[in-house]
Amino acid sequence: MLLAWPGLALGITFVDDFVAGPVLAATGAWVGGRAGVAVGVVTFTVLVGVLVASALLASRVMDPRHRERIDTVVGRAAKRRVIGRYVHRVGDDHPWATAVVAAVVSPVLAVLLARMVHPTQRLVRTSVIAVLAYGVAFSVFYTGLGAGIGDLAT
């Protein structure tokens, strides 16, 4: 399981819109207003942080088959017009590229890319930037949407 975890974590961040999005929207609607957004942002960002940290730790001993799958995802992302120029520039030295890849594609992908491109970097800054860029943007959107809908319903 440990060898497959980076790939599974990457898959989780690709489908979290279907699970975490509605939960965050419901939280924003139920709690309401700024408090709902704050609860959603903090909770989701912490969960994303745990996911990214666990994937980063597991990526130290990544199976070659999973590395190949990640290379395939990287290749597809690099061909995209908007995000392509940032894909190969993630890492501690490029915080903006890391933030863009994390917010638009996946924080786990940003960290795994950095691990593959810069295997000697500690990637602490990369992890923090990826978690904040994705966690805050995603959770603010969904909890804000839920809080707005909740306010309209009352």
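Predicted model: local features only at pLDDT ≥ 70, side-chain atom pairs only at ≥ 80, totals over all residues.
**Cut-off first.** I call a residue buried when its relative accessible area is under 20%. Y142 comes out at 17%, so I put it down as buried.

**Overall fold.** I went through the secondary structure and found 7 helices and 0 strands in the chain. Reading from the N terminus, the order is simply α-α-α-α-α-α-α. Next I checked how compact the chain is: its radius of gyration is 16 Å, close to the 15 Å the globule rule gives for 154 residues, so I noted the chain as being as compact as a globular protein of that length. Along the principal axes, the C-alpha atoms fill a box of roughly 55 × 35 × 25 Å.

For charges, I have 14 positive and 8 negative side chains, and the centres of the two sets sit 5 Å apart.

**Contacts along the sequence.** I took the contacts between residues at least 6 apart in sequence; 73% of them join residues at least 24 apart.

**Aromatics.** How many aromatic pairs does the structure hold? I get 5. I looked at F44 and F138: their ring centres are 4.7 Å apart and the planes meet at 20°, so I logged this pair as stacked. The pair ties together distant parts of the chain, as F44 belongs to helix α2 (residues 33-58) and F138 to helix α7, 94 residues away. Are these two buried or exposed? F44 is buried at 8% relative accessible area, and F138 is buried, also with a value of 8%. Then I turned to F141 and Y142, whose ring centres are 5.0 Å apart with planes at 80°, so that pair goes down as edge-to-face. One aromatic cluster takes in F44, Y134, F138, F141 and Y142.

**T126.** I also looked up T126, which sits in helix α7 (residues 124-153). Its relative accessibility is 1%, so T126 counts as buried. Which residues does T126 touch, leaving aside its neighbours within four places in sequence? My list reads G91, D92, T98, A110, V111 and A114. I also took the distance from T126 to L10: they are 116 residues apart in sequence, and their C-alpha atoms are 16 Å apart in space.

Key: Residues numbered from 1 in each chain as written. Heavy atoms only, no water. Helix = DSSP H or I, 4+ residues; strand = E, 2+ residues; numbered from the N terminus. Rg over C-alpha atoms; globule rule 2.2 N^0.38 Å. Contact = heavy atoms within 4.5 Å. Lys, Arg positive; Asp, Glu negative; His and termini not counted. Charge placed at Lys NZ, Arg CZ, Asp CG, Glu CD. Buried < 20%, exposed > 50% of the residue type's maximum accessible area, 1.4 Å probe, protein only. Phe/Tyr/Trp six-rings, centres within 6.5 Å; stacked < 30°, edge-to-face > 60°.
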